[in-house]
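Visitor: I'd like a close look at just one part of this model, the surroundings of the ligands. Can you take me through them?

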Amino acid sequence: MEFDEWEPVYEAILDDFGYDRTGDERGRERLESLLEETYDPAELAILRDATVAVAGAGPSLETDRNLDRVRDADVVLAASTAVDVLVSEDIDVECMVTDLDKNPETVERLTDAGVPVAVHGHGDNLDAIRNVVPNCRHEYVLPTTQTEPRGIVRNFGGFTDGDRAAFLADHFGAAELVFVGWDFDDPTVDRTKARKLEWAERLLYWLETRRMDHFSILDGRRDGIVTDGIPIES
Ligand SMILES: Nc1ncnc2c1ncn2[C@@H]1O[C@H](COP(=O)(O)OP(=O)(O)OP(=O)(O)O)[C@@H](O)[C@H]1O
Ligand SMILES: Nc1nc2c(c(=O)[nH]1)N=C(CO)CN2
Ligand SMILES: [Mg+2]
């Protein structure tokens with residue numbers, strides 16, 4: 001997704017959470033200033049026409065059925081701690097997507113082993129960027145932002161770690177997205193996380209309907225409505 005399509009949704013997210021756009025720009029600048037080189041996104045051509053498992057970090061990821069669905073996929077993208085769950089089941093991931101808030105040692109280990117990690121900079125992870133990025137192998141770090149992309153820092157669309165993985169797969173031409181480990185109504189999460197998951201759900205619904213490329217047909221027939229181009233669950 002290009003930024004001009006993403007920007008109105010980004011503005012709605014800023015508004016909803018009260019985030020400061022200049023904070024996100026600072027996150028982008030910190031990534032820019034720390035990275036001497038980056039992962040070449042052209043390498044993500046492995047996603048083209050692939051069946052891609054998009055693993056969220058919800059508790060259902062560990063069910064046998066979901067682990068089998070991941071094993072059956074051509075390519076596995078995993079958000080944050082979902083990587084650790086999959087690795088403990090002997091499942092390798094092709095790319096990790098994270099804002100560095102949970103398992104920095106996994107980020108360092110993957111980049112060291114030559115597995116790309118899409119590292120997201122935003123206004124609330126500036127310290128994590130400074131603490132973790134210098135310990136990573138830069139040629140396996142793909143820096144991302146949710147604000148306007150600049151220089152080496154890319155924006156493929158998406159907000160939370162998991163939905164950004166789905167937007168990444170879409171951007172690089174995945175044929176099919178298989179969602180595992182997505183528990184939108186997880187009673188164990190706090191209020192802020194629940195609101196982030198609400199956004200993730202809305203964004204994935206938008207992405208999937210956009211991928212189907214028949215918004216106008218779906219509008220009013222599925223259990224969602226379209227407001228300003230953003231599908232909102234009814
Ligand atoms: N029940 C769930 N709990 C946690 N993550 C979930 C769940 N269901 C789906 N996910 C996806 O897995 C990702 C896990 O990443 P992580 O726990 O680091 O969250 P995050 O996006 O950094 O948000 P936060 O700032 O709240 O930690 C989430 O971003 C979300 O997209
Ligand atoms: N500014 C800001 N941006 C975010 C935040 C956050 O806490 N603050 N959390 C996210 C979850 O992955 C994604 N983006
Ligand atoms: Mg995270």
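Guide: Some bookkeeping on residue classes: Ala, Val, Leu, Ile, Met, Phe, Trp, Tyr, Cys and Pro count as nonpolar, Asp, Glu, Lys and Arg as charged, and the others, Gly among them, as polar. On that basis, the shell around ligand 1 splits into 6 nonpolar, 6 polar and 9 charged residues. This is a predicted model, where local features need pLDDT of at least 70 and side-chain atom pairs count only at pLDDT 80 or more, while totals for chains, interfaces and linings use all residues. Residues are numbered from 1 along each chain as its sequence is written, with chains lettered from A and ligands numbered from 1 in the order in which they are written.

Out of the 21 residues around ligand 1 (C-beta, placed from the backbone, within 6 Å of it), G56, G58, S80, T160 and G162 come nearest. Two elements each give two or more residues to this shell: helix 7 (161-171) and helix 8 (191-212). Helices here are DSSP runs of H or I, at least four residues, and strands are runs of E, at least two, numbered from the N terminus. Helix 8 makes the largest contribution, with 4 residues.

Now for ligand 2. T160 turns up in its shell too, together with Y19, G23, D24, D99, H122, G123, D124, Q146, F159, D161 and K196. The class tally there is 2 nonpolar, 5 polar and 5 charged.

For context, UniProt, in an unreviewed entry, puts "domain: 6-hydroxymethylpterin diphosphokinase MptE-like" at residues 48-185; positions follow the numbering used here, feature names are shortened, and annotations may be inferred rather than shown by experiment. That span is 31% helix and 21% strand, and its end C-alpha atoms sit 31 Å apart.
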